[in-house]
Amino acid sequence: MDLSVREAARLLEVSEGTIYRWIHEGTLPAQRLEDQYRLNRVALQEWVAVRKIRVSPELFATTTDGSQTANLQAAMQCGGVYHQVPGGTREEVLAAAATLPGIPATVDRALLASLLLRREALSSTGLGDGIALPHPRNPLILGLSDPRVLLCFLANPVDFKAIDGQPVHVLFLLLSPTVRTHLQLLSQIAFAVHDPAFQELLQQHAPQEKILDFLGRLRAPAPPPDNGNPSGLDVP
């Protein structure tokens with residue numbers, strides 16, 4: 001569902017002028033259609049989750065399907081932690097990440113690399129502080145049965161055109177079977193990277209056992225609710 005600037009302002013509880021300013025600054029992703037800006041609702045959920053912004057509960061239309069909540073520690077245990085991932089450009093790093101063994105054998109690696117590049121072409125997944133969170137725009141395309149998060153420590157800092165201009169040295173490659181799972185894991189990653197102890201582990205490029213141990217002890221936030229129609233929505 002696409003939102004107008006007025007609708008987005010109401011859900012974010014800010015003025016329309018603030019929405020326009022964020023769009024013009026490149027902070028808030030939006031598309032211009034016939035002289036009007038439109039914002040993807042799921043993209044807005046993602047943007048809010050990363051920045052921990054308090055908004056109207058209406059942004060998250062709830063449904064209950066009985067499914068289990070995704071767990072970041074379990075998803076990363078499946079995906080793995082990788083050091084010295086090669087590449088000198090964003091394109092090279094994403095291509096290298098798409099070949100890592102934590103990605104299921106059923107996934108077309110070339111397709112995944114292409115999807116990651118297409119997502120970056122929309123807007124950078126660089127979160128700031130040297131961290132990026134690449135992911136396919138539509139999680140359903142890859143046909144995964146279980147979520148996976150691959151934590152990649154780069155051999156060289158790479159320009160991801162992040163919001164703070166800092167080069168990226170850490171990637172969280174997020175692969176999810178549904179939009180709901182994507183938002184849950186995104187919220188947990190956003191929560192973790194704001195923890196000073198976890199930030200130190202990332203700066204140290206800590207080994208997998210330390211990363212997983214920390215995530216097992218970290219008290220995660222409540223998961224964001226389902227958006228009401230996950231099978232039909234893209235995740236920009």
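**View 1. The lining of the largest pocket holds 15 nonpolar, 9 polar and 8 charged residues.** Here Ala, Val, Leu, Ile, Met, Phe, Trp, Tyr, Cys and Pro count as nonpolar, Asp, Glu, Lys and Arg as charged, and the others, Gly among them, as polar. This is a predicted model, in which local features need pLDDT of at least 70 and side-chain atom pairs count only at pLDDT 80 or more, while totals for chains, interfaces and linings use all residues. Residues are numbered from 1 along each chain as its sequence is written, and side-chain values use heavy atoms, with hydrogens and water left out.

The lining comprises 32 residues, and L28, P29, R119, L122 and S123 are those nearest the pocket centre. The space inside comes to about 640 Å³. A pocket is an open set of points on a 1 Å grid over the protein atoms alone, where a 1.4 Å probe fits, with protein on both sides within 12 Å along at least five of seven lines; lining residues have an atom within 4 Å of a point. Points are joined across faces, edges and corners, and the volume is the space filled by probe spheres set on them.

**View 2. Helices and strands around the largest pocket.** At least two lining residues come from each of helix 2 (16-25), strand 3 (36-40), helix 3 (41-51), helix 6 (109-122) and strand 5 (126-128). Helix 3 is the top contributor, giving 5 residues. Helices (H or I, at least four residues) and strands (E, at least two) are DSSP runs, numbered from the N terminus; the chain has 9 helices and 8 strands.

**View 3. Helix 2, with its buried residues T18, I19, W22 and I23.** These residues line one face of helix 2, because they fall within an arc of 135 degrees seen down its axis. The arc is that of the directions from the helix axis to the C-beta atoms. Look to the other side of helix 2 for H24 and E25, which are exposed. Buried means under 20% relative accessible area, exposed over 50%, and partly exposed in between (1.4 Å probe, protein chains only).

**View 4. L202 in helix 8 (residues 196-203).** L202 counts as buried, at 3% relative accessibility. Not counting residues up to four places away in sequence, L202 touches I131, L151, F153, H169, V170, F172 and V193. Between L202 and I131 there are 9.1 Å from C-alpha to C-alpha, although the two are 71 residues apart in sequence.

**View 5. S4 in strand 1 (residues 2-4).** S4 also counts as buried, at 18% relative accessibility. Leaving aside neighbours within four places in sequence, Y37, R38 and L39 are in contact with S4.

Methods. Contact means heavy atoms within 4.5 Å.
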